Amino acid sequence: MTDAQELGITESKEYNTGEWYAEVVKKAGLANYGPEGMSGFIVTRPRGYALWERLQGELDARFKDTGVQNAYFPLFIPESYLEREKDIVEGFDPEVAWVTHGGHEELEERLAVRPTSESIIAPYMSQWVRSHRDLPLRVNQWASVVRWEATETKPFFRTKEFLWQEGHTAHATSEGAWEETMLRLDQYEDVYEDVLAIPVIRGQKPDHDKFPGADTTTTVEALMPDGKSVQGATSHHLGTSFAEAFDLTYADTDEEERVCNTTSWGFSWRSLGALIMTHSDDQGLVLPPTIAPEQVVVVPIWQEDTKDEVLEYAEDLAEDLESEGVRVELDARDERNPGFKFNEWELRGVPLRFEIGPNEVDDGEITAVHRPDGESVTLDRDDVTDEIHDQFDEVFAKLYAAAEENLSENVREAEGRNEILGTIGQHGGYVKAPWCGDEDCETEIKDQIAAEIVMVPFEGDDEKHHPAVLEGDCDCAVCGEAAETTAYFAKSY
Ligand SMILES: [Zn+2]
């Protein structure tokens with residue numbers, strides 16, 4: 001097998017999406033599967049982790065700008081703590097991993113490996129909050145959690161241990177907690193759209209699909225090219241259920257003791273799965289310049305007699321870009337030919353390739369090639385530090401436009417049960433239909449076609465967020481009773 005064959009992606013994104021995805025993750029050097037006997041765990045390689053770090057930076061800055069501080073809580077939660085909020089126990093019990101021994105000693109109380117941390121954070125918040133002056137209280141932790149699901153491993157999309165952030169806040173009023181819930185949802189939307197170049201729709205989960213113990217679970221959803229929805233991130237208004245369970249109270253201005261309202265919100269590395277799935281192609285990984293570990297690769301193309309001048313020009317160019325803050329890689333390897341290098345950097349998803357040969361040197365130019373579509377443009381060497389930012393914007397806009405087109409073409413309406421089934425069966429994507437609010441009507445669709453209600457849009461949200469279609473009196477598309485709202489049905493990851 002030649003190097004080029006080893007490098008190349010052999011599966012097709014369109015026809016063999018699952019295998020293609022696994023191949024891109026592996027060959028682009030993002031992750032490996034965990035050891036035998038530990039299915040569901042992955043090893044994140046430096047190139048994969050670099051993507052996570054960049055996302056982390058983007059979110060962390062937004063959080064800190066809006067009053068959030070980072071903290072860290074233990075990996076384990078005592079069973080008695082977990083049991084204090086009954087919905088959490090019921091919701092997560094089948095997926096909790098337990099520690100029963102420390103060394104050779106059996107523990108007096110089992111410890112849960114955190115599936116989410118409300119049950120250990122809320123009791124400490126209750127120690128930190130005394131009066132209304134301590135509110136709002138906002139903490140975030142960057143951590144991993146474990147949910148022991150018996151499903152097939154899909155790196156970043158579905159793993160037993162995953163990286164995420166979980167924010168936890170306490171507020172004096174329900175309105176304050178609602179504002180917080182929506183602020184974090186806005187920030188998630190922002191990161192998906194402005195950093196990952198993935199347009200999202202947003203709304204709330206049906207009551208039967210809320211986070212355990214929550215009043216309201218809000219979500220941003222991204223449509224993948226295979227027609228399935230990814231729950232991009234969620235933000236929960238927890239009401240007073242956790243505060244009551246953990247005595248999280250405050251003294252108001254009249255020294256009356258009141259129960260706090262709390263929120264929690266989480267964004268995981270599933271976002272990386274969505275990123276890979278959305279933009280990448282049969283040549284490999286495609287990344288927007290906002291998040292790519294290398295934004296530009298400079299590939300010098302020389303013959304023996306032109307080597308010195310071409311290399312010098314390329315090195316000089318790379319230095320200029322670097323001093324401008326551009327993440328640039330100069331690929332001056334002697335033992336590889338340019339074609340091999342092109343393939344390799346395409347596989348790795350570098351958004352822009354600069355080709356430098358003797359002609360570029362003579363003309364004082366740069367041949368720039370866009371990774372998403374192979375478009376080639378000529379840049380003026382002297383203006384490159386200015387022009388590079390326009391080039392990044394262009395590449396980003398191409399990726400966003402393609403994802404936006406996929407989304408806008410795949411939101412359809414249906415008025416009856418068979419129309420929902422037929423439309424999702426034929427096209428995938430989202431089907432919005434009037435819904436009575438009864439879980440049974442969702443089950444009926446789920447049983448037939450494995451599609452569920454991924455969200456219900458917020459009342460009054462604008463066109464961009466794909467709002468409700470319900471106008472006047474409508475009947476539920478499934479049962480024919482009076483409809484309460486619009487439901488978005490989709491198959492999901
Ligand atoms: Zn119904």
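Contact here means heavy atoms within 4.5 Å. The model is predicted, so that local features need pLDDT of at least 70 and side-chain atom pairs count only at pLDDT 80 or more, while totals for chains, interfaces and linings use all residues. Residues are numbered from 1 along each chain as its sequence is written, and side-chain values use heavy atoms, with hydrogens and water left out.

**View 1. Surroundings of Lys491.** Lys491 lies in the segment after strand 23 (strands are DSSP runs of E, at least two residues; helices are runs of H or I, at least four; both are numbered from the N terminus). Beyond its neighbours within four places in sequence, Lys491 is in contact with Gly227, Lys228, Ser229, Ile424, Ile449, Ala450 and Ala451. Lys491 counts as partly exposed because its relative accessibility is 30% (buried is under 20% relative accessible area, exposed over 50%, partly exposed in between; 1.4 Å probe, protein chains only).

View 2. The SG atoms of Cys436, Cys441, Cys476 and Cys479 lie 2.3 Å from the zinc ion (donors are N, O and S atoms within 2.8 Å of the metal, or 3.2 Å for Na, K and Ca; water is not among the atoms, so sites may look incomplete). Angles of 104 to 117 degrees between the four donor atoms make the arrangement tetrahedral (four donors with all angles between 85 and 135 degrees). The donor residues follow the spacing C-x4-C-x34-C-x2-C.

**View 3. Cys436 and Cys479.** This pair, 43 residues apart, links distant parts of the chain. Cys436 sits in the loop between strand 21 (430-435) and helix 15 (439-449), and Cys479 in the loop between strand 22 (452-455) and strand 23 (485-490). Cys436 is buried at 13% relative accessible area, whereas Cys479 is partly exposed at 37% relative accessibility.

Conventions:
Four donors count as tetrahedral if all angles lie between 85 and 135 degrees; four count as square planar and six as octahedral if opposite donors are over 155 degrees apart and all others between 65 and 115; anything else is irregular.
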